[in-house]
Amino acid sequence: MDVAIEAIAWLISWFFLAYFALVNGSYLFVHLVSIVTLQRGIRDWLLEPVYQPYNSPFLPGIAVIVPAYNEAVTIVDTVQSLLNLEYSNHEIVVVNDGSRDETLERLVSTFDLEPVGEDVPFDLPCETVHEVYQSSRVDLVVIDKDNGGKADALNAGVFFTDQPLFCAIDADSIIERNALLEVVQPFLRDPERMIASGGAVRVANGCSITRGVITDVGLSRSHLANLQTVEYLRAFLSGRIGLSGLGSLLIISGAFGLFRTSAVREVGGYSTETITEDMELIVRLQKHVSDEQHRITFVPYPVVWTEVPERRAVLARQRGRWFKGMLETLWVHRRMVGNPKYGMVGLFALPFFLFVEALGPLIEGLGYVIVPAAFLLGYLNVPFFVVFLGIAVGIGTLLSWLSVLNEVVSFRRYRNPRDISLLLLYGILEHVPFRQWKSFVTWVAFVQYLRGETSWGEMSRIGFDR
């Protein structure tokens with residue numbers, strides 16, 4: 001009996017070891033591609049233009065759409081940062097999605113908004129619009145509507161604007177002044193085929209902000225926020241550079257993405273049936289234009305800074321929502337998985353998200369329980385357990401350090417040697433117990449998804465540091 005149990009434990013443990021190696025090996029491959037892709041693109045980015053682009057009359061018009069629900073704490077800073085953008089042809093459209101706090105009142109008083117006083121001249125595919133406000137001194141429009149969720153609010157802006165491009169951002173975000181000029185570059189180079197581009201998302205916690213502008217980049221006093229800083233460098237920078245280089249980009253963050261307005265309207269706008277509308281839209285766009293020449297790309301140089309949760313309960317709700325939304329999207333578009341009709345998206349991107357991003361954390365969570373238990377019960381030898389820990393911790397740390405290296409060498413937003421050293425340290429510390437906690441949150445979200453619980457959840461804000 002003991003021999004049989006030992007054999008079963010040995011087989012199960014080797015399965016977890018092999019799967020850990022597959023998951024981390026896939027991440028390592030994507031990150032190595034990101035390094036190559038980044039080094040190819042950094043030379044073009046560093047070249048100074050021979051003309052002043054800021055006031056060019058040939059820049060396409062962009063509507064910056066900001067869905068806002070109970071964002072009174074950060075909305076003024078966000079709008080102020082948008083007014084500071086170095087782009088000659090853009091308008092700001094804030095959609096107040098039935099906020100119950102003072103979001104609308106702060107916008108009205110700060111930017112001298114006045115009601116237009118006329119009905120919207122066409123039907124918007126969203127909840128009832130009560131009023132449209134316009135500023136008397138800046139290029140700002142505010143749509144006040146009943147609550148319908150983020151996707152519904154985005155649709156209000158997408159179908160309201162008459163600009164050829166729109167940029168979707170979160171209301172708790174600060175965009176760097178030249179970000180629109182950077183993220184629009186793919187549309188200028190390839191105006192016929194480009195339908196979407198996204199920029200990098202970084203953590204604003206700990207940064208100094210004056211009148212909507214990041215004046216000093218630093219780390220937060222919150223350890224939880226700093227752990228997320230390393231995550232964002234790894235997933236929202238290096239990871240997306242690599243996937244974009246492989247033609248496999250499935251997510252342009254809702255915090256900062258630029259889209260061709262007509263293309264999004266053609267596919268019906270954002271889906272209100274999923275809770276991660278940003279990923280679902282990109283997959284639907286990839287599906288819709290699969291037989292045509294098109295491009296969806298990631299541009300790492302423009303940056304939007306966003307506030308991340310500093311409390312575990314809020315972070316758990318956020319990560320649970322992300323995971324459930326990914327499962328929803330994969331299920332809705334399940335027929336694309338492994339389908340050569342959709343090129344790299346069907347053959348690599350969707351299988352990667354299914355077997356690595358979706359199943360990976362679940363199997364990893366089981367491994368954290370079963371493998372140590374088998375070791376403590378004497379069914380695993382010491383060398384095997386060391387190899388298991390080496391793959392679980394070693395490769396993960398390497399990925400985080402490669403991401404920090406990408407940041408230090410290519411972008412240099414973090415210049416303080418102490419901050420860089422701390423980022424490297426957090427790259428190690430995130431493995432215990434933060435990584436195990438995330439696996440637990442994933443399992444909770446998975447059970448909720450099976451039960452049909454897809455609520456959004458409240459995302460409380462503390463406001464940007466001054």
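**View 1. Polar contact between Y27 and E357.** In this predicted model, the side chains of Y27 and E357 form a polar contact at 3.2 Å (a pair of N or O atoms within 3.5 Å; within protein, one must be able to donate a hydrogen and the other to accept it, and residues adjacent in sequence count only if both atoms are side-chain atoms). Leaving aside residues up to four places away in sequence, Y27 touches F352, V356, E357 and L399 (contact: heavy atoms within 4.5 Å). Y27 is partly exposed, at a relative accessible area of 22% (buried is under 20%, exposed over 50%, partly exposed in between; 1.4 Å probe, protein chains only). Residues are numbered from 1 along each chain as its sequence is written. Local features need pLDDT of at least 70, side-chain atom pairs count only at pLDDT 80 or more, totals for chains, interfaces and linings use all residues, and side-chain values use heavy atoms, with hydrogens and water left out.

**View 2. Helix α1 and the annotated spans.** Y27 belongs to helix α1 (residues 2-46); helices (H or I, at least four residues) and strands (E, at least two) are DSSP runs, numbered from the N terminus. The unreviewed UniProt entry annotates residues 12-38, 342-363 and 383-405 as "transmembrane region"; such annotations may be inferred rather than shown by experiment. Residues 12-38 are 100% helix and 0% strand, with end C-alpha atoms 39 Å apart. For residues 342-363, the values are 95% helix and 0% strand, and the end C-alpha atoms lie 28 Å apart.

**View 3. Strand β6 and its two partners.** Strand β6 (residues 165-169) is largely enclosed by the rest of the structure, because five of its five residues are buried. L165, C167 and I169 lie on one side, and F166 and A168 on the other. Strand β1 (residues 62-68) pairs with β6 in the parallel sense over four bridges, and I62 has L165 as its bridge partner (two strands pair if DSSP finds at least two bridges between them). Strand β11 (residues 256-260) runs antiparallel to β6, joined by five bridges, with F256 opposite I169.

**View 4. The ten-stranded sheet.** An open sheet of mixed pairing has its ten strands in the order β3-β4-β5-β2-β1-β6-β11-β8-β12-β7. The edge strands β3 (113-115) and β7 (173-175) each have a single partner, so one side of each is left without a neighbour in the sheet. Neighbouring strands of this sheet are turned by 30° against each other on average, direction ignored. Strands β4 (residues 129-135) and β5 (residues 140-145) form an antiparallel pair over five bridges, in which Y133 stands opposite V142.

Note on methods. Axes fitted to C-alpha atoms, helices over the stretch in contact; angles between N-to-C directions.
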